[in-house]
Amino acid sequence: MKNSLQKKKKPNSILNYALNLLSRKDYSEFELREKLLQYFDSGIEEVIEKLKERGLLSDERYAERLIDRYIKKKYGFLRIKMELEKRGLKDFGVLLNKMYTYDLEKENAKMFLDKKPKEKLYTYLVQKGFRPRIVQEVLAEK
């Protein structure tokens, strides 16, 4: 059994390592760069450009999927925005505004009305990332 403190073996090629990572899950350019920096010092930007040219790495596509997934999970606007920023996708606020409209967020917040007591609902919805103004409107309608 390997010691968990032992370092992993350095991959042979930056491109092969990047392709291996992308075959398992999507990464933003920022996340992939951080992963590659764990093993390699140079040549990372060339590999990232090559992957983008081949259409294997796209921040826009990744942001769309991420936003769509979190909308389906019924997270609020602010939580999704925070998740985008955490993944280095700060420039996709416009896309988030376009995909997650005010009315859709309000509709998602309403789905929690029967799941929690009213006195705990405000805190619960704010923790899920719903904007306080929407939470107040939804609670006023209850």
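The questions and answers below concern helix packing and selected residues in a predicted model.

The model is predicted, so local features need pLDDT of at least 70 and side-chain atom pairs count only at pLDDT 80 or more, while totals for chains, interfaces and linings use all residues. Residues are numbered from 1 along each chain as its sequence is written, and side-chain values use heavy atoms, with hydrogens and water left out.

Me: Which residues of helix α7 (residues 102–110) are buried?
Reply: Helices here are DSSP runs (H or I, at least four residues), numbered from the N terminus. Buried means under 20% relative accessible area, exposed over 50% and partly exposed in between, with a 1.4 Å probe and protein chains only. In α7 the buried residues are Glu105, Lys106, Asn108 and Ala109.

Me: Within what arc do the buried residues of α7 fall, seen down its axis?
Reply: The arc is that of the directions from the helix axis to the C-beta atoms. The buried residues of α7 line one face of the helix, because they fall within an arc of 160°.

Me: Which helices do the buried residues of α7 pack against?
Reply: Contact means heavy atoms within 4.5 Å. The buried residues of α7 pack against α4 (59–72), α5 (77–86), α8 (118–127) and α9 (132–141).

Me: Which residues of α5 make the contact with α4?
Reply: The axes of α4 and α5 are 10 Å apart, at an angle of about 150°. From α4 the contact takes Ala63, Leu66, Ile67, Tyr70 and Ile71, and from α5 it takes Ile80, Glu83 and Leu84.

Me: Is Glu83 buried or exposed?
Reply: Glu83 sits in helix α5. Leaving aside neighbours within four places in sequence, Glu83 is in contact with Leu66 and Tyr70. With a relative accessible area of 3%, Glu83 is buried.

Me: What is the phi of Lys74?
Reply: Most residues other than glycine have a negative phi. Lys74 lies in the loop between α4 and α5 and is partly exposed, at 24% relative accessibility. Although Lys74 is not a glycine, its phi is positive, about 65°.

Terms used: Helices (H or I, at least four residues) and strands (E, at least two) are DSSP runs, numbered from the N terminus. Axes are lines fitted to C-alpha atoms, for helices over the stretch in contact, and angles run from 0 to 180 degrees between N-to-C directions.
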